[in-house]
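The exercises below are meant for a reader who is meeting this structure for the first time.

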Amino acid sequence: MKNQLPNRERMKIQRQHMPERDAAQRAACFAEVNLGYTPELARCEAHRCIACQKPTCMTGCPVGVKVKEFVDLVAGGDYLGAAAKVREDNVLPAVTGRVCPQEEQCEGGCVLTKKGESLAIGHLERFVADWEMATGQVGLPQIAPATGRKVAIIGSGPAGLSCAGDLVQSGHEVHVFEALHELGGVLVYGIPEFRLPKAIVRREIDNMRRMGVEFETNVVPACRSSSGSPEKTSTACIRPMSS
């Protein structure tokens with residue numbers, strides 16, 4: 001469903017503030033501070049998008065999320081379709097919607113900043129992912145036919161997960177190997193719980209499993225040449241860590 005509001009009316013809508021946990025509660029716990037949009041707030045915010053012919057928000061996004069298309073789906077109430085559209089380019093919407101510096105990237109390129117505040121792209125990205133969790137549904141992108149090729153990715157940090165998401169969508173068999181016992185890298189070891197709950201990271205990794213990515217923890221590259229230097233890594237070089 002296309003946004004039918006004329007641009008003049010869209011630009012009158014103020015940016016919707018994301019609800020936050022009360023300061024008194026925050027002082028006594030490490031629960032997440034930002035609480036996320038309701039469907040009503042999300043659709044109101046999505047209607048602010050003026051559907052640029054040349055969406056500079058997309059050029060500002062490092063992974064090229066189809067912002068214009070996914071926001072239009074949110075405006076029309078198709079939240080599952082919006083989540084699937086985001087995952088075509090970004091398999092971690094619940095994560096990036098929380099910790100990605102949108103103000104310097106997609107939102108920084110939003111043309112609405114010429115007259116006021118940018119579209120809350122990060123909030124909308126987070127909303128569609130959280131809506132999935134609340135409803136028990138998952139919007140997954142289409143997976144290309146199997147190519148018969150296998151790819152090993154060493155490390156399950158943001159770069160490894162993003163790479164795995166792109167490769168599995170292209171039809172490759174993807175295996176991610178992690179040296180530690182917890183998947184996610186800096187997402188779980190470097191960001192505090194009140195900013196990015198670990199349960200959110202685990203949920204997004206579970207969604208990647210649904211896409212076909214296989215994960216294995218407690219393994220490290222173990223190939224060495226006779227001189228003691230690392231050899232070319234392959235899946236045959238990966239060994240379980242000793243307990």
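**Exercise 1.** The structure shown is a predicted model. Find which residues of H9 meet which residues of H11, and describe the contact by residue class.

*Solution.* Begin with the residues themselves: on the side of H9, Leu161, Ala164, Gly165, Val168 and Gln169 take part, and they meet Ile205, Met208 and Met211 in H11. Sorting this contact by class then gives six nonpolar and two polar residues, with no charged residues.

**Exercise 2.** Determine how the axes of helix H9 and helix H11 are arranged relative to each other.

*Solution.* Helix H9 covers residues 158–169 and helix H11 covers residues 198–211, and their axes come within 10 Å and cross at roughly 20°. Because angles under 35 degrees count as roughly parallel, H9 is roughly parallel to H11. As for the hand of the crossing, H9 passes H11 in a left-handed manner.

**Exercise 3.** Carry out the analysis for helix H3 and helix H5, going from the angle to the residues in contact.

*Solution.* Helix H3 (residues 39–46) packs against helix H5 (residues 67–75) at an angle of about 130°, and the axes are 8 Å apart. This angle makes H3 oblique to H5, and the crossing of the two helices is left-handed. The contact involves Ala42, Arg43 and Ala46 on the H3 side, together with Val71, Val74 and Ala75 on the H5 side. By class, the contact of H3 with H5 has five nonpolar residues and one charged residue, but no polar ones.

**Exercise 4.** Describe the largest pocket by its volume, its lining residues and the elements that contribute to the lining.

*Solution.* The volume of the largest pocket is about 400 Å³. Its lining consists of 24 residues, of which Val63, Asn90, Thr96, Cys100 and Glu125 are the closest to the centre. Helix H7 (93–99), helix H8 (121–135) and H9 are the elements that give two or more residues to this lining. Divided by class, the lining of the largest pocket has 15 nonpolar, six polar and three charged residues.

**Exercise 5.** Describe the second largest pocket by its volume, its lining residues and their classes.

*Solution.* The second largest pocket has a volume of about 230 Å³, and of the 13 residues in its lining, Asn34, Gly97, Arg98, His123 and Arg195 are the closest to its centre. H7 and H8 are the elements that give two or more residues to the lining of this pocket. Its lining residues divide into three nonpolar, four polar and six charged.

Technical notes: Residues are numbered from 1 along each chain as its sequence is written. This is a predicted model: local features need pLDDT of at least 70, side-chain atom pairs count only at pLDDT 80 or more; totals for chains, interfaces and linings use all residues. Side-chain values use heavy atoms; hydrogens and water are left out. Axes are lines fitted to C-alpha atoms, for helices over the stretch in contact, and angles run from 0 to 180 degrees between N-to-C directions. Helices (H or I, at least four residues) and strands (E, at least two) are DSSP runs, numbered from the N terminus. Angles under 35 degrees count as roughly parallel, over 145 as roughly antiparallel, 65 to 115 as roughly perpendicular and the rest as oblique. A crossing is left-handed if the near helix is turned anticlockwise from the far one by less than a right angle, and right-handed if clockwise. Contact means heavy atoms within 4.5 Å. Ala, Val, Leu, Ile, Met, Phe, Trp, Tyr, Cys and Pro count as nonpolar, Asp, Glu, Lys and Arg as charged, and the others, Gly among them, as polar. On a 1 Å grid over the protein atoms alone, a cavity is a set of points where a 1.4 Å probe fits but cannot get out, and a pocket is an open set with protein on both sides within 12 Å along at least five of seven lines; lining residues have an atom within 4 Å of a point. Grid points are joined across faces, edges and corners, and a volume is the space filled by probe spheres set on the points.
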